[in-house]
Amino acid sequence: EAVFASLENSINRILVEQIRGVVVMCSGGLDSSCLLHVLWRIAKGKNKFSLIAIHVNFGLRGIQSDLDQIAISDFAAQLGVPFQAYNAAAILPANSSRSHSWTRACRRRISQRFNQMGFIAALAHHRDDVAENVLMRAARGTGPMTLLGMEQFQNNELRPFLSFTKDNLAQYANSHGILWRVDHTNLEDGC
């Protein structure tokens, strides 16, 4: 419950601003499933903001991508959270490599649509992602200012898990009976 209490406090500070609601970018994995659950708990409490679960199907893993979409759709329905799925290729035609920059651009395009309607986007990046991000930027030879990690709230994007590890999220998920999908391609080559 430490995860929930800390997040509720930080989200309350951010939600003081007038927003219509929060769109939760959900892959169906551990991190985003926890994020959806935490924000659902906060939204149904005293805060009462609109919540929408968004899934972008990139189609990179065939039937497994479709199963991710079904799993997060079912979880959102279980919580009573509206769900919308998008086919990434319809949002932004894929380049031949279907790189991380392409997936990021697709998600950003969707979140910008919702930003125009007064929503902020919630992303499930956590402390382990920050370390990985800094290392990747350093390896590319990025300048010192861009080596800084991610911000908790920036450009209408909320990242409430930045002070938590993946292990913290797994503990939260297990204590609340949250099921999640595992993208086995993330486990390849030591990832």
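Student: What makes a right-handed β-α-β unit with helix H3 (residues 63–79) in this chain?

Tutor: In this predicted model, strand E2, helix H3 and strand E3 make up that unit. A crossover is called right-handed if, with the strands pointing away from the viewer, the path from the first strand over the helix to the second runs clockwise. The unit of E2, H3 and E3 is classed as right-handed.

Student: How do you know that E2 and E3 pair, and in which direction do they run?

Tutor: Pairing requires at least two bridges between the strands. E2 and E3 (residues 83–87) are joined by 5 bridges, so they pair under the cut-off of at least two, and they run parallel. Within this pairing, Ile54 has Gln84 in E3 as its bridge partner.

Student: What joins strand E1 (residues 21–25) to E2?

Tutor: There are 5 bridges between E1 and E2, and the two strands run parallel. As the criterion is at least two bridges, E1 and E2 therefore count as a pair. Val22 stands opposite Leu51 of E2.

Student: Why is strand E2 called mostly covered?

Tutor: A residue is buried when its relative accessible area is under 20%. In E2 (residues 50–57), 7 of the 8 residues are buried, and the strand is described as mostly covered. For the chain of 191 residues, the buried share is 41%.

Student: Why is Ser33 called buried?

Tutor: Ser33 has a relative accessible area of 1%; the cut-off is under 20%, so Ser33 is buried. This residue lies in helix H2 (residues 30–47).

Student: Which residues are in contact with Ser33, leaving aside its neighbours within four places in sequence?

Tutor: They are Gly28, Ile72, Phe75, Ile178, Leu179 and Trp180. Contact here requires heavy atoms within 4.5 Å.

Student: How many helices and strands does the chain have?

Tutor: The chain has 7 helices and 6 strands. From the N terminus on, their order is α-β-α-β-α-β-α-α-β-α-β-β-α.

Notes
Residues numbered from 1 in each chain as written. Predicted model: local features only at pLDDT ≥ 70, side-chain atom pairs only at ≥ 80, totals over all residues. Heavy atoms only, no water. Buried < 20%, exposed > 50% of the residue type's maximum accessible area, 1.4 Å probe, protein only. Helix = DSSP H or I, 4+ residues; strand = E, 2+ residues; numbered from the N terminus.
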